[in-house]
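Please keep the sequence and the model in view while reading.

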Amino acid sequence: MVTTLYQSDFTGFTWIDVSAPTREELEALGDEYGLAPTAVQDCLQPFHLPKFEVSAGWRFVLLRAYDERLGGQRCSSVQEMTRKLAVFFDDTRIITIHRGDMAFFTHYREQWLSDTVKELHPVAMFFAIFNASISTYEPPLRVDEAQMDRYEYDVFNEAKRAIAFQSFYELKRNLTLMRKMLRLSLDVLMRMDPLYTREHQANYQDVKENTAALLLKSDELINEGTALMGMYINIASHRNNEVMRVLTIFSVFFLPLTFIVGVYGMNFDVMPELRHPSGYPITWGVMIL
């Protein structure tokens, strides 16, 4: 569905929002506004990672935001974890394309439409949408940080509870996917850096700093998880060594007893101790000693 959310005859500013489009709708939109056919095809494919292109006077960006519907569920791929938002913009127009409603985008759109003083520059709007999409990674990172703290407590607490390795691996996998998306998003921003004058540098720097901060946080959590797993394995190895030490002590303790029993268990007819009246208590005394 193609919707014109805002259009100003005075400034020429136009915002077109496209939700759950068909191939025909997108191709018609591309023909009407002169969008690059390859970029239109990218909008139709669900598996694209973040990217940035300049073509036919339009700037085209693919964003991937964390899917708020997951509710803490672990994911094994980028497509499971994120949802795609495509944005075309030039100096007076912005076109947003998505398959369905996304909480962060719906919130931004409703807030923008209800604002009495609207930001009517597509570049500033794009950076605001970009920043909102990047901010979707912050809540799951906080959840994963809390989970990492719980694993750290399990490693060092007195109860010495074992870590569920599968759960721990899924946590690290989740963090790795988020780090990948944040890094690709930062790469997109770095490619856009030369395109903007001082007028939009503040917006650009705000998004860049937010992305870099979340990327750093994901890196720290992954490094912490790697170190924690190594420490857990070392601690488990140390505990096994302690058990082996105790078992070794017991085996050394029973070795001479086993030797004495073995000697007196041999089937020889001439063994003087066997017929000595005090042979039995003497043998017990030696063993106890």
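In which helix is Ile235 found? Ile235 is found in helix α8; helices (H or I, at least four residues) and strands (E, at least two) are DSSP runs, numbered from the N terminus. The model is predicted: local features need pLDDT of at least 70, side-chain atom pairs count only at pLDDT 80 or more, and totals for chains, interfaces and linings use all residues. Residues are numbered from 1 along each chain as its sequence is written, and side-chain values use heavy atoms, with hydrogens and water left out.

**The sheet**

- Six strands form an open sheet in the order β1-β2-β6-β5-β4-β3, with mixed pairing; two strands pair if DSSP finds at least two bridges between them.
- β1 (2-7) and β3 (51-55) are the edge strands, each pairing on one side only.
- On average, and with direction ignored, neighbouring strands of this sheet are turned by 20 degrees against each other. Axes are lines fitted to C-alpha atoms, for helices over the stretch in contact, and angles run from 0 to 180 degrees between N-to-C directions.
- β1 and strand β2 (residues 14-19) run antiparallel and are joined by five bridges. The bridge partner of Tyr6 in β2 is Trp15.
- Five bridges pair β3 with β4 in the antiparallel sense, and Val54 stands opposite Arg59 in β4.
- β3 and β4 form a hairpin with two residues between them, and Ala56 in the turn has a positive phi of about 55 degrees.
- β4 and β5 are also antiparallel, over eight bridges; Leu62 has Ala86 as its bridge partner in β5.
- β4 is largely enclosed by the rest of the structure, because nine of its nine residues are buried. Buried means under 20% relative accessible area, exposed over 50%, and partly exposed in between (1.4 Å probe, protein chains only).

**Helices on the sheet**

- Helix α1 (residues 23-33) lies across β1, β2, β4 (58-66) and β6 (93-98), and runs at about 170 degrees to β6.
- Helix α7 (residues 165-192) packs on the sheet and touches β3, β4 and β5 (82-89); its direction makes about 160 degrees with that of β4. Contact means heavy atoms within 4.5 Å.
- In helix α2 (residues 37-44), the buried residues are Ala39, Val40, Asp42, Cys43 and Leu44. These buried residues pack against α1, β3, β4, β5 and β6.

**The pair α4 and α5**

- The axes of helix α4 (residues 103-114) and helix α5 (residues 122-135) come within 9 Å and cross at roughly 145 degrees.
- In this contact, Phe104, Phe105, Tyr108 and Trp112 of α4 meet Met125, Ala128, Ile129, Ala132 and Ser133 of α5.
- The contact residues divide into eight nonpolar, one polar and no charged. Ala, Val, Leu, Ile, Met, Phe, Trp, Tyr, Cys and Pro count as nonpolar, Asp, Glu, Lys and Arg as charged, and the others, Gly among them, as polar.

**Nonpolar cores**

- The largest nonpolar core has 52 residues, of which Ile94 and Phe126 touch the most other members. A nonpolar core is a set of buried Ala, Val, Leu, Ile, Met, Phe, Trp, Tyr and Cys residues joined through side-chain atoms within 4.5 Å.
- α7 gives the largest share of this core, 11 residues.
- Leaving out residues up to four places away in sequence, Ile94 touches several residues, among them Phe13, Trp15, Val87, Met125 and Phe126.
- A second, separate core of 17 residues includes Ala39, Leu44, Leu62 and Phe88.

**Selected residues**

- Ile235 is in contact with Val155 and Phe156, leaving aside its neighbours within four places in sequence. Ile235 and Val270 are 35 residues apart in sequence, yet their C-alpha atoms are 55 Å apart in space.
- Lys180 lies in helix α7 and is partly exposed, with a relative accessible area of 41%. Lys180 touches Leu49 and Val78, not counting residues up to four places away in sequence. Lys180 and Leu49 are 131 residues apart along the chain, and their C-alpha atoms are separated by 9.8 Å.
- Ser19 belongs to strand β2 and counts as buried at 18% relative accessibility.
- Ala20 is placed in the loop between β2 and α1. Ala20 has a positive phi of about 45 degrees although it is not a glycine, and at 44% relative accessibility Ala20 counts as partly exposed.
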